[in-house]
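Take a walk through this fold, one piece at a time. Keep the sequence beside you as you read.

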Amino acid sequence: MASFPLLFPTYFHPSSFVLRWLFLFATKSFTFLELHQNQAVTDSPKEHTKKFDVQNSSGDDAPKKITRKFDHLVLGPAAGEGLPNRLQCRGVKALNKTHFSNPSHPSSVGDGIAFVTVFTIYNNSPDALADGKPSNLVTVGNASYSKPERSMAILNVFINFIQVRMPQSNVIILTDPESDFSLHQNRVTVLPIQGEYSRDKLMLQRIRSYITFLDIRLEKLSQEQGRITHFIFSDSDIAVIDDLGQIFEKYQDFHVALTFRNNKDQPLNSGFIAVRGTRDGILRARTFLQKVLEVYSSKYMKASRMLGDQLALFWVIKSDASFDAKRFSKAQAFIKEIGGASVLFLPCATYNWTPPEGAGQFHGMPLDVKVVHFKGSRKRLMLEAWNYFSSSADISDMLCLILKSGRTKYEF
C-alpha cells in the first residue's frame with residue numbers, strides 16, 4: 001500500500017505494524033458508525049422533510065439515547081404502541097381518538113375556574129439585551145424570538161390552549177411589579193405582587209405569591225356573594241387539553257389537589273396545584289402552602305432555584321405518620337387528610353403528562369390525558385404543537401406529534 005511509508009518508519013517490528021493497522025481500522029470504523037447514527041436521527045422520508053425529521057427506528061428497536069438538542073422537530077417511535085387505553089399513531093395521525101369533553105359546553109359544576117401562574121421577564125438585564133442580536137434569535141415556524149420573547153411566546157400559547165379548551169375560564173398572572181410586559185388577550189388579568197423574583201429565588205417566591213393571592217381572595221370572598229371560582233395554580237409551560245372543571249365535580253371533598261408519579265425521591269410535581277374556591281378550601285390550602293413554604297425555607301434553600309418546592313411538598317406529605325408513599329406506585333387518584341387539609345392526589349399520567357415520562361414510565365399517552373407539561377428542554381415543542389394544532393384543528397393528531405417527539409430535547 002502506497003500510504004504505508006508515510007505512516008511507518010523504514011524499520012518496524014511486526015507487532016508494531018499490527019497495532020497501527022488496528023488503530024487505523026478502529027478509527028475508520030468509529031467514523032462510519034458515528035455517521036450512520038447521525039443519519040438515523042436526521043435522515044427522513046421525503047414526505048416529512050419539510051416539517052420534521054423522523055428517526056429511522058422500528059417500534060421494536062430499543063430507543064437510542066439522544067443527547068444533542070435540536071432546532072427542528074425530530075420524531076421517533078410512539079411509546080405505548082399496541083397497549084390498551086393509549087393513543088395509537090400512524091405518523092402524526094391518530095388511529096384512535098382521545099376522550100375529550102366538548103369545549104363549547106363547559107362543565108356543569110356551575111362554578112368558575114381560573115388559572116393562576118407566576119411569570120416575570122428580565123427585560124433590562126445585559127443577557128436579555130444581548131439575546132436580541134440576530135445570532136441569538138430562535139425561529140419556530142414563521143416567527144423568530146429573542147430570549148425574553150421566547151418566554152412571552154410560551155405564556156401566550158399557555159393562554160391560547162386554555163381559551164380553546166376551557167373558553168369560560170380566566171387566567172391570572174402574578175408578577176413582579178418591576179416586570180415590564182403586556183398582554184392583549186381576553187379574560188386575562190395581570191396582578192403585580194411584591195417579592196423577590198430573581199432567578200435564584202423564583203420558585204420560593206412562587207409559593208409566597210400563591211399565599212398572597214389566596215389572602216386577596218379571602219378578602220374578596222367576604223365582600224362577594226354567589227358564584228364560586230376554583231383555582232388551578234400551574235406552570236406556564238403546560239397545555240390544557242381537556243376541561244379541568246371536572247376535577248371539582250368528580251371529587252367534591254378535597255381542599256388542595258396535587259399531581260404525583262412513581263418517583264421515589266420526587267413523586268410530586270409542583271407545576272399543577274388545584275384549590276377549591278370556597279372559604280374553607282382557600283383557608284386550608286393557605287395553611288398547607290404556608291407549611292410548605294416554612295419547610296422550603298428551612299430545609300431546601302440550596303435547591304431554591306429548582307426542585308426545592310417539590311422536595312418541600314413531599315416532606316410535608318410524608319411527615320404525616322399515616323401516609324403510605326407506596327400509593328404513588330399506582331396511577332389512581334386518592335384523597336388523604338394532611339395537616340388539616342383534604343388533599344387530592346391525581347396521577348401525572350393524566351393531569352400532568354410530560355413527553356419524557358410519556359416515553360418512559362407512563363408507557364405512552366392515556367386516552368384521557370388532560371394536561372401536557374412541556375418542562376425542561378421541551379418548550380420549543382409546545383410552540384410547534386400549537387402551530388400544528390392551529391393548522392390542523394385536530395387535538396388527537398397534535399398529541400401524536402407530541403408523543404412521537406417525547407425522546408427529543410430541543411434548543412430554545
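**A guided tour of the fold**

The crossing of helices α5 and α7 is left-handed. This is a predicted model. Helix α5 covers residues 202-223 and α7 covers residues 279-299. Their axes lie 10 Å apart, at an angle of about 155 degrees. Angles over 145 degrees count as roughly antiparallel, so α5 is roughly antiparallel to α7.

Which residues of α5 and α7 make the contact? From α5 come M203, L204, I207, R208, Y210, I211, L214, D215, R217, L218 and L221. From α7 come R279, I282, L283, A285, R286, L289, Q290, V292, L293, Y296 and S297. An α-helix has 3.6 residues a turn, so residues three or four places apart point the same way. By type, the contact residues of α5 and α7 divide into 15 nonpolar, two polar and five charged.

Among the elements over the buried residues of α8 are α5 and α7. The cover also includes the strands β13 (256-260), β14 (268-275), β15 (334-338) and β16 (341-347). Helix α8 runs over residues 308-318. Eight of its 11 residues are buried, so α8 is largely enclosed by the rest of the structure. The buried ones are G308, D309, Q310, A312, L313, F314, V316 and I317.

Helix α4 (residues 147-165) packs with α11 at an angle of about 45 degrees. Here too the axes are 10 Å apart. The two helices are therefore oblique to each other. The crossing of α4 and α11 is left-handed. On α4, the contact uses A153, I154, V157, F158, N160, F161 and V164. On α11, it uses K379, M382, L383, W386 and F389. These residues divide into 10 nonpolar, one polar and one charged.

S236 sits in the loop between β11 (229-234) and β12 (238-240). Is S236 buried or exposed? Its relative accessibility is 14%, so S236 counts as buried. Beyond its neighbours within four places in sequence, S236 is in contact with T117, F119, I154, L155, F158 and M382. Of these, I154 and F158 also belong to the α4 side of the helix contact, and M382 to the α11 side.

Most residues other than glycine have a negative phi. R187 has a positive phi of about 60 degrees, although it is not a glycine. R187 is in the loop between β9 (170-175) and β10 (188-192). At 39% relative accessibility, R187 counts as partly exposed. A393 also has a positive phi of about 60 degrees, and it is not a glycine either. A393 lies in the loop between α11 (379-392) and α12 (395-404). With 63% relative accessibility, A393 counts as exposed.

Finally, step back to the whole chain. It has 12 helices and 18 strands. Of its 412 residues, 49% are buried. The accessible surface comes to about 20,800 Å², and 52% of that belongs to carbon and sulfur atoms. Take the contacts between residues at least 6 apart in sequence: 66% of them join residues at least 24 apart.

How values were computed
Residues are numbered from 1 along each chain as its sequence is written. This is a predicted model: local features need pLDDT of at least 70, side-chain atom pairs count only at pLDDT 80 or more; totals for chains, interfaces and linings use all residues. Side-chain values use heavy atoms; hydrogens and water are left out. Axes are lines fitted to C-alpha atoms, for helices over the stretch in contact, and angles run from 0 to 180 degrees between N-to-C directions. Helices (H or I, at least four residues) and strands (E, at least two) are DSSP runs, numbered from the N terminus. Angles under 35 degrees count as roughly parallel, over 145 as roughly antiparallel, 65 to 115 as roughly perpendicular and the rest as oblique. A crossing is left-handed if the near helix is turned anticlockwise from the far one by less than a right angle, and right-handed if clockwise. Contact means heavy atoms within 4.5 Å. Ala, Val, Leu, Ile, Met, Phe, Trp, Tyr, Cys and Pro count as nonpolar, Asp, Glu, Lys and Arg as charged, and the others, Gly among them, as polar. Buried means under 20% relative accessible area, exposed over 50%, partly exposed in between (1.4 Å probe, protein chains only). Accessible areas come from the Shrake-Rupley method with a 1.4 Å probe; for residues, only the protein chains shown count as cover.
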